[in-house]
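Take a look at the sequence and the structure below. This report covers the disulfides, the aromatic rings and the confidence of the prediction.

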Amino acid sequence: MTTGSSSLVHYTVSDDTLPRPGSSPSSGGVTVFHHAKLDVVMSLSEAGPDHGRQKEVTMCRNLSKYALIFLFLALSGLIFLLRNIQTVENWNCHTISALNQLQNRIQSSFNPVNLPTFYHNRTFCAHLGQKPSPEDELEERYLLDSIAWPEPPPHSAQITLRQTSDPVHSLFAILPTEEGREWHVGDQLEVLVQMHDFQGRPKHYGGDFLLARLHTPELGAGVAGKVVDHRNGFYSALFPLLWEGSAQVEVTLVHSSEAVAVLQRLREERPDRVFFKSLFRLGFLSETTVCNMCLPPDQHHPLCNYTDLYTGEPWYCYKPKVLSCDTRINHAKGGYLKHLITNKEALLFQSGVNIKVHIHASGADRINVLPPRKDKVEVESSSNKPEPNKLGPSGYYYEDSWRPLGGVTMRQFNESSAIAQCLKNKVINMYGDSTVRQWFEHLIAFVPGERLSLLALFSTPCMLPPGSFPLKLPFVPPSPELKEFNLHSPKNVGPFMAVDSTHNILLRYRCHGPPIRFSTVMSSELRYISNELDGLPGGPNTVVVLSIWAHFSTFPVEVYIRRLRHIRRALLRLLDRAPGTIVVIRSANLQALDQEVSLYNSDWYSLQLDEVLRAMFKGLNVLLVDAWQMSSAHHLPHALHPPPVIIKNMIDMLLSYVCPEKKKGRQTLRNHN
């Protein structure tokens with residue numbers, strides 16, 4: 001480059017005049033620098049100083065003119081900002097909230113690391129909460145021993161599907177009595193079941209989950225059988241003969257022993273397979289995090305502790321990234337974890353193959369029951385019987401009406417006026433899951449005068465469930481009015497309340513505290529049953545109805561024992577201060593199963609919880625509605641929420657406890673064990 005006076009000159013140069021990468025600069029000692037669309041050209045040419053001063057004056061004039069425009073725009077923007085600061089803040093909060101919600105959705109869908117894992121500590125979930133007393137620990141060991149299930153032999157993990165229980169190859173046979181093949185009312189029928197695998201070979205160990213029923217659908221009659229596991233591939237099913245005529249035996253494989261072993265492992269190791277979530281909100285900022293009873297803390301995921309102060313029942317949520325723990329506003333079911341079992345294990349849970357499939361008889365599956373013997377001799381029980389893993393019958397159906405065996409006579413409340421008269425001046429408090437909420441819905445649906453009456457529903461043939469026995473009842477116009485009071489509660493969640501001001505009836509329902517798999521429950525409405533019971537005055541006009549089992553199937557049994565222990569203590573306190581209080585407990589019931597439902601809510605889980613419940617309330621002044629056997633003995637398909645004909649019998653049983661026909665003493669849980 002040549003030396004001389006210099007000046008800074010601005011040009012507008014098209015892209016075509018610029019040198020391309022790798023090309024040589026243009027002649028005349030000019031170097032071109034390209035920045036966006038503005039090119040600065042530095043020239044060391046022969047331009048004079050006057051030319052430079054003229055350019056500088058022109059630039060200054062242009063800058064002063066633009067500066068006034070920029071100043072005006074800046075002042076206008078500042079005034080706008082000051083006058084609309086609240087709107088800008090709202091925009092900001094909405095943006096942050098939307099981004100957080102989007103982030104939470106993305107993390108919940110694609111980043112499962114936020115969900116806890118429990119593979120390495122089988123006892124973590126079972127031993128949360130307050131430390132039990134020595135007496136409580138002793139009871140817990142007794143309860144766990146009482147429901148211990150026979151395990152498959154060692155090395156069963158290597159067993160293939162062909163070596164597991166197959167209901168098609170398995171058989172049952174009706175055993176004759178000492179008098180031959182003649183049965184009378186009052187006798188006991190015994191059926192022997194032999195399990196085979198898919199290759200047709202007999203099995204030599206127990207642990208299969210079987211159901212047995214003796215029924216006569218055309219009579220609307222049925223009774224559940226007691227199944228005894230001999231632990232060698234043979235099972236006995238025992239039935240009391242309670243009605244005359246033809247009766248059919250039905251034996252069903254619910255789960256093979258190998259499938260039960262998988263369910264047991266999931267219960268102990270994967271209590272996270274149903275997870276929950278809570279929404280945290282402050283103003284326009286909101287976050288959603290995962291919650292559960294068992295959330296192992298770590299450095300990357302601090303916890304919010306919502307352990308109940310009175311019972312010590314544990315509950316945790318992952319702490320939001322921005323908001324504090326006290327901004328939680330609701331609780332909801334988050335979802336179900338998938339891919340919990342291997343492909344090999346999935347073969348053990350196939351609908352129509354090895355989940356609730358009937359076992360065929362090797363001969364006749366029916367008997368003819370004759371009238372009672374005139375010189376009836378008590379039939380001795382078979383000797384050498386192992387301890388049964390099912391409960392004996394607490395009642396049976398006849399003409400689709402439940403008939404309890406001992407303790408109480410069940411009345412038929414076929415008129416809405418009779419229901420209102422029974423509940424007159426009563427306060428009925430229902431606590432628990434959706435199976436007792438179904439009772440609340442049943443009462444308010446059929447008792448009010450402005451709606452179709454219960455009597456009309458069951459006396460109209462077209463309204464009967466398929467295959468049910470028609471009730472021959474006259475139509476009686478409804479009269480009472482049990483009206484639901486609108487508490488603006490979420491549908492199917494509650495709390496709910498209904499009032500009959502004419503008969504002074506108050507009916508209330510509230511769901512139990514977590515874990516609860518409802519859609520959305522406000523945090524302020526999460527109440528533990530034991531705390532609610534402590535707030536009741538009680539008395540002879542107070543009825544307490546409890547049903548708590550369906551939402552505990554994914555947790556170790558110790559969790560359920562701890563919850564029932566708190567409820568039992570609260571009930572004892574209630575009965576001490578108000579001995580006339582009527583307490584009714586609804587047991588678990590059978591339900592429809594497929595592979596997915598089996599892994600979370602199998603009937604095997606429900607059976608285990610039901611046996612714990614009966615044992616823990618045995619001997620107390622509480623009453624039982626045996627929903628397990630009422631669903632097992634009926635010929636209609638199993639359902640988590642049983643059909644109306646079964647619910648009607650449950651309500652009749654409840655009302656028979658509240659308004660007994662005769663003062664013969666109450667039937668407590670002692671009569672069912």
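Cys422 is buried, because its relative accessible area is 6% and the cut-off for buried is under 20%. Its partner is Cys659. The two form a disulfide, with sulfur atoms 2.0 Å apart. This is a predicted model, so every value here is computed from predicted coordinates.

The torsion about the S-S bond is 105°, and the link of Cys422 and Cys659 is right-handed. Cys422 belongs to helix α6 (residues 416-422), while Cys659 sits in the segment after α14 (644-658), so the bond ties together parts 237 residues apart in sequence. What about the burial of Cys659: is this residue buried or exposed? Cys659 is buried too, with a relative accessible area of 13%.

## The other disulfides

How many disulfides does a search of the whole structure find? The search finds three. A disulfide is a covalent bond between the sulfur atoms of two cysteines.

Another of them joins Cys291 to Cys317, with an S to S distance of 2.0 Å. This link is right-handed, with 105° about the S-S bond. Cys291 is in strand β13 (residues 285-292) and Cys317 is in strand β15 (residues 316-318). The pair links distant parts of the chain, 26 residues apart. Both Cys291 and Cys317 are buried.

Cys304 and Cys325 also form a disulfide, and their sulfur atoms lie 1.9 Å apart. Is this bond left-handed or right-handed? The torsion about the S-S bond is about -80°, so the disulfide of Cys304 and Cys325 is left-handed. Cys304 is in strand β14 (residues 303-305). Cys325 is in the loop between β15 and β16 (330-336), 21 residues away. Cys304 is buried, with a relative accessible area of 0%. Cys325 is partly exposed, at 23%.

One more cysteine deserves a look. Cys511 is buried, with a relative accessible area of 4%.

## Aromatic rings

The structure holds 10 aromatic pairs. One of them is formed by Trp149 and Trp604. Their ring centres are 5.9 Å apart and their planes are at 90°, an edge-to-face pair. Trp149 lies in the loop between α3 (134-146) and β4 (165-174), and Trp604 lies in helix α12 (residues 603-616), so the pair ties together parts that are 455 residues apart in sequence.

Both Trp149 and Trp604 are buried. Trp149, Phe209, Trp604 and Tyr605 form one aromatic cluster.

## Charges over rings

Which residue lies over the face of Tyr306? Arg328 does, at 3.9 Å from the ring centre. Arg437 has its charged end over the ring of Phe518, 5.5 Å from the ring's centre.

Now turn to confidence. The mean pLDDT of the protein chain is 81. Of its residues, 73% reach 70 or more.

Over residues 377-391, pLDDT stays under 50. The model has 29 contacts for this stretch beyond four places in sequence. Residues 449-479 also have pLDDT below 50. Where pLDDT is low, the predicted coordinates should not be read in detail.

Methods. Residues are numbered from 1 along each chain as its sequence is written. This is a predicted model: local features need pLDDT of at least 70, side-chain atom pairs count only at pLDDT 80 or more; totals for chains, interfaces and linings use all residues. Side-chain values use heavy atoms; hydrogens and water are left out. Rings of Phe, Tyr and Trp (its six-membered ring) pair if their centres lie within 6.5 Å; planes under 30 degrees apart count as stacked, over 60 as edge-to-face and the rest as tilted. Helices (H or I, at least four residues) and strands (E, at least two) are DSSP runs, numbered from the N terminus. Buried means under 20% relative accessible area, exposed over 50%, partly exposed in between (1.4 Å probe, protein chains only). A charge sits over a ring if NZ of Lys or CZ of Arg is within 6 Å of the ring centre and within 35 degrees of the ring normal. pLDDT is the predictor's confidence in each residue, from 0 to 100. Contact means heavy atoms within 4.5 Å. A disulfide is a pair of cysteine sulfur atoms within 2.5 Å.
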